[in-house]
Amino acid sequence: KETSVYLTGDRRLSLEKPAASATPHEFTFDPANPCPTIGGANLTIDRGPMDQRKIEDRGDVLVFTSDVLDKPIEVTGRVLAKIFISSSAIDTDLSVRLCDVYPDGRSMLIAEGMQRLRHRKATAQPQPLTPGQIEEVTVDCWSTSQIFNTGHRIRVTITSSNYPRFDV
């Protein structure tokens, strides 16, 4: 069954929809210092479900984590992230990563997606962002089938790059 999970003001994942007045989260993206690719579905660079902790403490990465799971949770099917974003730029990227956080702290990549925002509506006709205007954007993280075990946590990270897998 399709289930919505929400990103909260206190950087948690929740099954309950947060209040509309939740404080927005901000980060500053510097194209000269992009967030690196660590694992994933790559062809020519290291690939697979690698530990993402090296990027999760960066100032340009938003991290949202569930409470410790008291029972296993299965996630099977297409993973889509609906993000409401505004930017000071006319174009940027959104990178979303879904991770399984083990009791020892490892944050293992399960699924990920990237959306260049000038192509958020159609790839054939790029549309620049209006700086400061909130846009609803869906990032397709493709499909997965994963059991998040008891004692684990589920994590979602959001940033504006995943380089060199995706160009800046």
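These legends describe an overview and several close-ups of one predicted model.

The model is predicted: local features need pLDDT of at least 70, side-chain atom pairs count only at pLDDT 80 or more, and totals for chains, interfaces and linings use all residues. Residues are numbered from 1 along each chain as its sequence is written, and side-chain values use heavy atoms, with hydrogens and water left out.

**Figure 1. Overview of the protein chain.** The chain holds one helix and eight strands. Helices (H or I, at least four residues) and strands (E, at least two) are DSSP runs, numbered from the N terminus. Their order from the N terminus is β-β-α-β-β-β-β-β-β. The C-alpha trace spans about 45 × 45 × 30 Å along its principal axes. Of the 168 residues, 40% count as buried. Buried means under 20% relative accessible area, exposed over 50%, and partly exposed in between (1.4 Å probe, protein chains only). Among contacts (heavy atoms within 4.5 Å) between residues at least 6 apart in sequence, 74% join residues at least 24 apart. The chain exposes about 10,100 Å², with carbon and sulfur atoms supplying 51% of it. Accessible areas come from the Shrake-Rupley method with a 1.4 Å probe; for residues, only the protein chains shown count as cover.

**Figure 2. The hairpin of strand 5 and strand 6.** Strand 5 (residues 93-101) and strand 6 run antiparallel, joined by nine bridges. Two strands pair if DSSP finds at least two bridges between them. Five residues lie between the strands of this hairpin, and G105 takes a positive phi near 100°. Nine of the ten residues of strand 6 are buried, so this strand is largely enclosed by the rest of the structure.

**Figure 3. Close-up of Q115.** Q115 sits in strand 6 (residues 107-116). Its bridge partner is L94. Q115 counts as buried, at 17% relative accessibility. A polar atom of its side chain lies 3.2 Å from the backbone oxygen of H119. Beyond neighbours within four places in sequence, Q115 is in contact with T92, D93, L94, R120, V137, T138 and V139.

**Figure 4. Strand 3 and its pairing with strand 8.** Strand 3 (residues 62-65) is covered on both faces. L62 and F64 are buried on one side, V63 and T65 on the other. Strand 3 pairs with strand 8 (residues 153-159) in the antiparallel sense, over four bridges. V63 stands opposite T157.

**Figure 5. Cysteines without disulfides.** The whole structure contains zero disulfides, defined as pairs of cysteine sulfur atoms within 2.5 Å. The sulfur of C35 is 11 Å from its closest cysteine sulfur, in C99, too far for a bond. C99 is in no disulfide either; its nearest cysteine sulfur, that of C141, is 10 Å away. C35 is buried, with a relative accessible area of 0%. C99 is also buried, at 0% relative accessibility.

**Figure 6. Close-up of V168.** V168 lies in the segment after strand 8. At 43% relative accessibility, V168 counts as partly exposed. Leaving out residues up to four places away in sequence, V168 touches F29, P31, P34, R116 and Y163. The C-alpha atoms of V168 and N33 are 9.8 Å apart, although 135 residues separate the two along the chain.

Technical notes:
A polar contact is a pair of N or O atoms within 3.5 Å; within protein, one must be able to donate a hydrogen and the other to accept it, and residues adjacent in sequence count only if both atoms are side-chain atoms.
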